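Open the model in a viewer and keep the sequence panel beside it.

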Amino acid sequence: MIFELSKINSHANVFISELRNENIQKDAMRFRKNMERIGEFFAYEISKTLEYIKTETQTPLGIAPSVQLLDQPVLATILRAGLPLHQGLLNVFDQADAAFIAAYRRTHKSGSFEIQMEHISSPDLTDKTVIIADPMLATGLTMVLCCKELIRRYPLKELHIVSVIASTEGVRHVRANLPKAKLWLGAIDEEMTSKAYIVPGLGDAGDLAYGLKQ
């Protein structure tokens with residue numbers, strides 16, 4: 001299943017356009033806030049697919065019929081770029097536990113790169129619905145590596161992948177390697193550069209949110 005936010009008429013697409021805008025990007029706080037807002041939109045859409053139980057709420061004047069989540073999801077993110085998007089998801093799923101994965105591209109002098117995963121901090125994910133966020137889904141290599149490690153460690157109930165901008169190649173790679181995962185994407189761009197940056201994309205989400213890294 002692939003959900004693409006850009007294909008529905010939603011104000012979330014205004015925030016996506018601001019994330020792409022090279023002039024607005026100069027305001028790092030606004031960039032982070034827009035990522036957070038889009039995370040909230042995704043959380044709302046994902047929430048429609050989850051299971052609920054009927055309950056009752058005592059008000060000052062009576063009892064109102066209500067619903068509660070049957071099980072809280074676990075929100076995972078890939079550091080560091082995923083943090084603002086993760087916060088948006090957490091704003092909605094505010095009772096959810098969280099998992100954090102440290103992974104990055106190690107680039108060689110030739111220009112080629114490999115994905116390094118250094119650390120996972122996670123609660124028990126056995127039979128849990130996991131929502132993993134990373135703003136950019138370029139080659140898909142990082143996402144697949146991280147998700148496969150979670151699946152190797154735990155029998156997940158469901159896996160949801162959230163990215164703001166994806167490439168066609170990245171989507172293809174994720175679908176081939178994680179066929180049961182549900183993809184929640186802001187927009188899908190057709191091209192990538194020789195260094196595997198999405199075009200038109202928006203640049204390096206981590207650098208734009210938190211400053212240039214060495």
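This is a predicted model: local features need pLDDT of at least 70, side-chain atom pairs count only at pLDDT 80 or more; totals for chains, interfaces and linings use all residues.

The tour goes from a helix to a hairpin, then to salt bridges and a surface patch.

Numbering starts from 1 along each chain as its sequence is written, and side-chain values use heavy atoms, without hydrogens and water.

**Stop 1: helix H5**

Select residues 168-177, which make up helix H5. Helices here are DSSP runs of H or I with at least four residues, strands are runs of E with at least two, and both are numbered from the N terminus. Which residues of H5 are buried? They are Gly-170, Val-171 and Val-174; buried means under 20% relative accessible area, exposed over 50%, and partly exposed in between, with a 1.4 Å probe and protein chains only. Look down the axis of H5: its buried residues fall within an arc of 100 degrees, so they line one face of the helix. That arc is taken from the directions from the helix axis to the C-beta atoms. Turned away from the buried side of H5 are the exposed residues Arg-172 and Ala-176.

**Stop 2: the S2-S3 hairpin**

Select strand S2 (residues 52-59) and strand S3 (residues 62-69), which run antiparallel and are joined by 8 bridges. Two strands pair if DSSP finds at least two bridges between them. S2 and S3 form a hairpin, with 2 residues between them. Show the side chain of Lys-54 and look across to S3, where Val-67 stands opposite.

**Stop 3: salt bridges**

The structure holds 12 salt bridges, each defined as a side-chain nitrogen of Lys or Arg within 4 Å of a carboxyl oxygen of Asp or Glu.

Begin with Glu-18 and Arg-30, whose side chains meet at 2.9 Å, N to O. This pair links distant parts of the chain, with Glu-18 in helix H1 (residues 12-20) and Arg-30 in helix H2 (residues 28-47), 12 residues apart. Glu-18 is buried at 16% relative accessibility, whereas Arg-30 is partly exposed at 36%.

Next select Arg-20 and Asp-189, another salt bridge at 2.9 Å, N to O. Arg-20 lies in helix H1 and Asp-189 in strand S10, 169 residues apart. Arg-20 is partly exposed at 25% relative accessibility; Asp-189 is buried at 7%.

Then move to Glu-36 and Lys-33, where the closest N and O atoms of the salt bridge are 3.5 Å apart. Both lie in helix H2, 3 residues apart, about one turn of the helix. An α-helix has 3.6 residues a turn, so residues three or four places apart point the same way. Glu-36 is buried at 17% relative accessibility, and Lys-33 is partly exposed at 38%.

**Stop 4: a nonpolar patch**

Switch to a surface view and colour Leu-79, Leu-83 and Tyr-210, which make a nonpolar patch of about 230 Å². Patches are made of residues with over 30% relative accessible area and no salt bridge; like charges are joined within 9 Å and nonpolar side chains (Val, Leu, Ile, Met, Phe, Trp, Tyr) within 5 Å. Accessible areas come from the Shrake-Rupley method with a 1.4 Å probe, and for residues only the protein chains shown count as cover. Tyr-210 lies in helix H6 (residues 205-210) and is partly exposed, at 38% relative accessible area.
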